[in-house]
Amino acid sequence: NMKRAIAAVLCAVVLAAGCGRADEPAEKEPAQNEQQETGKEEEMQAELDEVPMELPSEDAASMGFYTIANGEVVGGEGAWEAFLQADAEGKEASVVVCQYTREGGAILDYVYRQPEGGYLVVSDSTRDELATEANLHRTQNFTSLKVFEQFKLTEDGQEYTICVLSNEPELDEETFRTYWREMSTEAHQTYLLFVI
């Protein structure tokens, strides 16, 4: 899981406290969509590749990334709010979320809200020393994005704002909490984008 370091911090806090016929366009459309998506994915990854490997949080914030370090938003609130506004209006939009692990590694998630709906996410963990080879670069597709403002894993009073991407439009906090406790978020195609 690409957010294992962040997840470890969250858990620790919680625990401690036919060919060319004119009548066949529909058959060609999925292939065209796939090509367009692949092109967008490559474009997104190319932009992330341009980000310096040494990335202090103040630099990430100055680049316009929605930046989260030590459990706090340290910059890019305007970019995130603009993304949410466009999303609410059903418009194409994108934002880069930069979240730092406890060890100081930056995990970048480039989130693209597609004009027809759904989200393409390109994640880059090359700046996280603890990332595994399999998780350095990852692309995922989701149908819904949910922000849970007062998420609690236990009854210890600790509350967090978390953002979750999933392929379950009806996903609610209790269901995500179950996935989290069962450590089955990946199996349920659910991705924890950020924790504040």
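Because the model is predicted, local features need pLDDT of at least 70 and side-chain atom pairs count only at pLDDT 80 or more, while totals for chains, interfaces and linings use all residues. Residues are numbered from 1 along each chain as its sequence is written, and side-chain values use heavy atoms, with hydrogens and water left out.

Let's start with the sheet. Strands of a sheet pair through backbone hydrogen bonds, either parallel or antiparallel. Here, six strands make up an open sheet with mixed pairing, in the order E2-E1-E3-E4-E5-E6. Helices (H or I, at least four residues) and strands (E, at least two) are DSSP runs, numbered from the N terminus, and two strands pair if DSSP finds at least two bridges between them. Strand E2 (72-75) and strand E6 (137-142) sit at the edges with a single partner strand each, so one side of each has no neighbour in the sheet. From one strand to the next, the twist averages 25 degrees. Three bridges join strand E1 (residues 66-69) to E2 in the antiparallel sense, and Thr67 stands opposite Gly75 in E2.

Helix H4 (residues 77-88) packs on this sheet, touching E1, E2, strand E3 (93-100), strand E4 (106-113) and strand E5 (119-127); contact here means heavy atoms within 4.5 Å. The direction of H4 makes about 140 degrees with that of E3. For such angles, axes are lines fitted to C-alpha atoms, for helices over the stretch in contact, and the values run from 0 to 180 degrees between N-to-C directions.

Next come the rings. Rings of Phe, Tyr and Trp (its six-membered ring) pair if their centres lie within 6.5 Å; planes under 30 degrees apart count as stacked, over 60 as edge-to-face and the rest as tilted. The count by this rule is seven aromatic pairs. One of them is stacked: Tyr66 and Trp80, at 5.1 Å centre to centre with 10 degrees between the planes. Since Tyr66 belongs to strand E1 and Trp80 to helix H4, the pair ties together parts 14 residues apart in sequence. Tyr66 is buried at 6% relative accessibility, and Trp80 is buried with a relative accessible area of 6% (buried means under 20% relative accessible area, exposed over 50%, partly exposed in between, with a 1.4 Å probe and protein chains only). Ring pairs also link Tyr66, Trp80, Phe83 and Phe194 into a cluster.

On to the charges. Side chains of opposite charge can pair when their charged atoms come close. The structure has eight salt bridges, each a side-chain nitrogen of Lys or Arg within 4 Å of a carboxyl oxygen of Asp or Glu. In one of them, Glu43 meets Lys40, with the closest N and O atoms 3.2 Å apart. Both residues lie in helix H2 (residues 25-49), three residues apart, or about one turn of the helix. Glu43 is partly exposed at 40%, whereas Lys40 is buried at 17%. Lys40 also lies over the face of Tyr112, at 4.4 Å from the ring centre; the rule asks for NZ of Lys or CZ of Arg within 6 Å of the ring centre and within 35 degrees of the ring normal.

Asp124 and Arg127 meet in a salt bridge at 3.5 Å, N to O. Asp124 is buried at 1%, and Arg127 is buried at 9%. Elsewhere, shared partners join Glu173, Glu174 and Arg177 into one salt-bridge network. The charged end of Arg177 also sits over the ring of Phe151, 5.1 Å from its centre.
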